[in-house]
Amino acid sequence: MSRPEYLAPPEIYYDDQQAKKYLTNTRINEVQRSLTERALELLCLRPNQKSLLLDLGCGSGLSGDVITEEGHEWVGFDISQAMLDTASSRDVEGDLVLLDLGQGLPLRTGIFDGAISVSAIQWLCNADKTSYEPRKRMSSFFNSLYACLIRGSRAVLQFYPDSSDQVDLLLTAAQKAGFSGGLVVDFPNSTRAKKFFLCLTAGPPSSSLATNDKRVNNYETSKGKKRNNGISLRSKILAKKERQRRQGREVRPDSKYTGRKRSGKLR
Amino acid sequence: MRLLTYNFLQCPKTKTFPLILEPTQVETIETEYNKEFILRMIPRLDWNLVRQVSRQFAFGELPQVAPKESTEDEETFRLLHKMLLETHIKEGVLKSQDGTIYPIKDGIPNMLITQVNDE
């Protein structure tokens, strides 16, 4: 199958016909559902709490349905009028806004508990109009996304890169905007089922979210972890001790001296 | 578009806040009341705009300071729920301070910059 990104810009490609396809095709439905479920899992939201989420490239609202089922509120952005019309005719629970992600998100700062995106951000790599500069569009997208997220919350963006260059381009843009995190690849050995998720954290992770963190660490991140992003040595040591304690090893108790340098005398 | 989302939106071009809302068709869709969620949204809301909207939509006068968890004012929370989560703007326009108009059609605001300019 040829990539839709090569055929036409998203606002033209996703016309009434495509929108209908998304509504009736059970395979697309299933794929969208499972991708959304996986993205929500990677978001590591606090359990039993209604969160406010962003759905970037929400299309006909298939991913939004999953969010609603999980008990969260959402606001969806998309560039295709036809897809949004389909969503609104299905009476989805979330709010819909017609918007070009590359122009940045028109949102105030510190609003959302998380953001997901299913198969959308690879469109940012295209220059469909002469005025488009993919790098600029990516940076305004990631900057505005970073701003509208609450510190320590996550964005999980599933996408279909056409080359490793695209992955690099998107990762660099995200990191420049201040995000930490990396790439999670599901089913890396299968060409068909292989799925890429860009898992980003806005700012230093807050302690309330840290309890859930170990789940993500189990997955292979293909890119190296980011260097020491403002994480102090002490918190690293404390985390390591906690880990070893969990493994049942003998660990010295934590004190105010943990992670401090020795005073000059003893060296 | 619910009024909750309206409270978060700023002009995509000039980044000014708030946008001026001029609704022509409004709809109420009831949803389950969740006080905890309202409480979590309050610090994220621009309270001045909430009060202004409350007046604009004839929901009545809201307290000058946003209620907190300790505030025992169930009525205000109910009102906020009704206003922010149950009131949908079906048709109307959003106006930026520089005069740009973003139309709302069928509940979907059109915030595209270029398209607005082309028209």
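Hi everyone, let's start with chain B: of its 119 residues, 31% are buried. Buried here has a cut-off: 20 or more other C-beta atoms lie within 10 Å of the residue's own, while 12 or fewer makes a residue exposed and anything in between is partly exposed, with C-beta atoms placed from the backbone.

Before going on, a word on where this comes from. This is a predicted model, so local features need pLDDT of at least 70 and side-chain atom pairs count only at pLDDT 80 or more, whereas totals for chains, interfaces and linings use all residues. Residues are numbered from 1 along each chain as its sequence is written, and chains are lettered from A and ligands numbered from 1 in the order in which they are written.

Back to chain B. It has five helices and four strands, and from the N terminus they follow the order α-β-α-α-α-β-β-β-α. Helices (H or I, at least four residues) and strands (E, at least two) are DSSP runs, numbered from the N terminus. Chain B has a radius of gyration of 15 Å, close to the 14 Å that the globule rule gives for 119 residues, so it is as compact as a globular protein of that length. That radius is taken over C-alpha atoms, and the rule is 2.2 Å times the number of residues to the power 0.38. Along the principal axes, the C-alpha atoms of chain B fill a box of roughly 50 × 25 × 20 Å.

How many residues does each chain bring to the contact? Chain B gives 21 residues and chain A gives 17 residues. Contact means that the C-beta atoms of two residues, placed from the backbone, lie within 7 Å. On the side of chain B that touches chain A, α1 (3-8), α2 (35-41) and β4 (108-109) each supply at least two residues.

Now to chain A, which has ten helices and seven strands. Of its 267 residues, 40% count as buried. Its mean pLDDT is 84, and 89% of its residues reach 70 or more; pLDDT is the predictor's confidence in each residue, from 0 to 100. Please be careful with residues 208-226 of chain A, where pLDDT stays under 50.

Helix α6 (residues 134-148) has 15 residues and reaches 21 Å from its first C-alpha to its last, close to the 21 Å expected. The expected span is 1.5 Å times one less than the number of residues. Among the buried residues of α6(A) are A:Phe141, A:Phe142 and A:Leu145. Which elements do the buried residues of α6(A) pack against? They pack against β4 (112-118), β5 (149-159), α7 (164-176), β6 (179-186) and β7 (195-202) of chain A.

Helix α10 (residues 233-246) of chain A has 14 residues, and its end C-alpha atoms are 20 Å apart, which agrees with the 20 Å it should span. How many residues of α10(A) are buried? The count is zero, so to speak a helix that is hardly covered. Just after α10(A), A:Gly248 takes a positive phi of about 85 degrees.

A:Ile150 is partly exposed, because 18 other C-beta atoms lie within 10 Å. Leaving out residues up to four places away in sequence, A:Ile150 touches A:Gly110, A:Phe112 and A:Asp113. The C-alpha atoms of A:Ile150 and A:Ile111 are separated by 5.9 Å, although these residues are 39 residues apart along the chain.
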